[in-house]
Amino acid sequence: MYDVIILGGGPAGLSAAIYTGRAWLKTLILESAVVGGNAAIADQIDNYPGFPFGILGGELMENFRKQADRFGAEIRMEEVVHIDNSLEGKKVITTEGEYMARALIITTGARRRELDVQGEQEFLGRGVSYCATCDGAFFRGYPVAVVGGGESAVKEALYLADIASQVYLIHRRKEFRASPDSVDKMMKNKKIQPKLNSVIKRIEGDTVMRSLVLQDVKSDAEEALEVEGLFVSIGLVAAGGFIEGLVDTEGGYIITDDNMQTSVAGIFAAGDIRAKRTRQIATAVGDGAQAGMAVTEYLKE
Ligand code: NAP
C-alpha cells in the first residue's frame with residue numbers, strides 16, 4: 001500500500017513527488033512513456049525561471065527526476081489502464097500489475113492532436129511525425145513542413161531550420177498564437193517559409209510521403225508542396241482514457257478546485273490534464289506543488 005500514487009511523470013507529477021516525498025509519504029510514480037513527459041523532448045526552454053540563458057528540456061526534466069528520487073519517490077514505467085475507487089483505497093491497474101494507494105494524483109498531461117487528413121495514418125513514421133526533436137534528424141538536408149500556428153509549431157519550425165534544407169510553416173490563419181518573440185525569430189529565419197491561410201487537404205507519397213496538397217482557405221485554390229516530412233503541431237488533447245467515468249471532466253480535461261481536488265475524495269489532478277487556460281511547465285510545477293501539499297493534508301485528516 002502506497003500513501004500516494006502519481007499517475008504521470010511529467011513536470012506536474014515530479015513536482016508533486018518532491019512535495020509528497022519531503023512529507024515522508026510513500027510515493028509511487030507511474031509513467032507510460034518518457035519521464036519528464038512532453039517537456040523532456042522539448043528543445044530549448046527559455047521561459048522556465050531560474051535559467052537566464054534557457055535550458056534543454058531533457059536536462060531540466062532530468063534534474064526534476066533526480067530531485068524526486070532524492071526524496072524517495074519510486075518510478076515505474078507502466079501504463080495505467082484502469083482505476084478502481086473502492087472503500088479500502090484506490091486500486092491502480094496497469095499493463096504490468098496492480099497497486100494500492102490511499103490517494104492518487106493524476107498528472108497524465110496532454111498529447112499532440114492529430115490532423116485527421118488523408119494519408120496521416122498511412123505515412124505515420126514514414127514522413128509524418130508529431131515530434132521534431134525526436135524525428136527531425138531523419139530529414140537532414142531535405143525539405144519539410146510543419147503545420148500549426150501556436151508556440152509548439154513555431155518552435156518546431158525553428159528547430160528544423162537547422163536541419164532541413166527548407167521548412168514550410170503551414171497555418172490556417174494569418175495571425176499566430178505563438179509569442180511575438182518566437183514569431184519574430186521565425187520570420188527572420190530565411191530557411192522558413194510561412195504558408196498562411198492554408199490547410200492541408202491530403203498527404204501523398206509512395207512507400208514514404210513525398211508531397212502535401214494545400215488549399216488556400218480564401219480562394220480554395222490547391223497547390224502541391226514537395227516535402228519529405230510533415231510535423232503535425234496543432235495543439236493538445238487530454239491524455240488518460242482511464243479517467244472517463246472516474247472524475248468530472250470538461251472536454252476530456254479534469255475539473256478540480258484550487259486545491260487540485262477532483263470530484264472524488266482522495267483523487268487529485270495537476271498539470272496539463274486539468275481543465276484550465278494555461279499549459280506551461282511553470283504552471284504544471286505550481287499545480288504539482290499544490291497537489292502534493294493538498295494530498296499531505298488530506299492523508300493527515
Ligand atoms: P495551441 O497553442 O493550442 O496552438 C494550436 C495551433 O494549431 C493553433 O494555431 C491552431 O490554429 C492550429 N490548429 C488547431 N487545430 C488545427 C487543425 N485541425 N488544422 C490546422 N491547424 C490547427 O497549441 P501548442 O502550440 O501545441 O501549444 C500548447 C500549449 O503549450 C500552449 O499553452 C503553449 O503556450 C504551450 N507551449 C509552450 C512552450 C514554451 O516554450 N513555453 C512551447 C510549446 C508550447 P488557430 O490559431 O487558427 O486556432
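A: Two strands are taken as paired if DSSP finds at least two bridges between them, and helices (H or I, at least four residues) and strands (E, at least two) are DSSP runs numbered from the N terminus. The model is predicted, so local features need pLDDT of at least 70 and side-chain atom pairs count only at pLDDT 80 or more, while totals for chains, interfaces and linings use all residues. Residues are numbered from 1 along each chain as its sequence is written, and side-chain values use heavy atoms, with hydrogens and water left out.

Q: Fine. Which residue stands opposite Val92 in β8?
A: That is Tyr99, and the two strands concerned, β7 and β8 (residues 98-106), pair in the antiparallel sense over 4 bridges.

Q: Switching to the parallel sheet: what is the strand order?
A: The order is β10-β17-β11-β12-β13, an open sheet of 5 strands with parallel pairing. Because β10 (128-129) and β13 (192-195) stand at the edges with a single partner strand each, one side of each is left without a neighbour in the sheet. Strand β12 (residues 166-170) is joined to β13 by 4 bridges, and in β13 the bridge partner of Leu169 is Pro194.

Q: Which strands does α5 lie across?
A: Helix α5 (residues 151-161) lies across β11 (143-147), β12, β13 and β17 (229-232), and runs at about 170° to β11. Contact here means heavy atoms within 4.5 Å, and the axes are lines fitted to C-alpha atoms, for helices over the stretch in contact, with angles running from 0 to 180 degrees between N-to-C directions.

Q: Now the ligand. Which element gives the most to its shell?
A: α5 does, with 3 residues. The ligand is surrounded by 17 residues, of which the closest are Asn47, Ser152, Lys155, Arg173 and Arg177; a residue counts as near if one of its heavy atoms lies within 4 Å. The shell divides into 3 nonpolar, 8 polar and 6 charged residues, where Asp, Glu, Lys and Arg count as charged, Ala, Val, Leu, Ile, Met, Phe, Trp, Tyr, Cys and Pro as nonpolar, and the others, Gly among them, as polar.

Q: What distance separates a polar side-chain atom of Asn47 from a ligand nitrogen atom?
A: It is 2.6 Å for Asn47, with a polar contact being a pair of N or O atoms within 3.5 Å. A backbone N or O atom of Gly150 lies 3.4 Å from an oxygen atom of the ligand, and a polar side-chain atom of Gln280 lies 2.9 Å from a ligand oxygen atom. Taken alone the ligand exposes 910 Å², and the protein buries 76% of that, with accessible areas from the Shrake-Rupley method and a 1.4 Å probe.

Q: Last one: what is the order in the antiparallel 3-strand sheet?
A: That open sheet runs β14-β15-β16. Since β14 (198-205) and β16 (222-226) stand at the edges, each with a single partner strand, one side of each is left without a neighbour in the sheet. Neighbouring strands of this sheet are turned by 25° against each other on average, direction ignored. β14 pairs with strand β15 (residues 209-216) over 7 bridges, and Ile200 stands opposite Leu214 in β15.

Note on methods
Polar contact = N/O pair within 3.5 Å; in protein donor to acceptor, adjacent residues only side chain to side chain.
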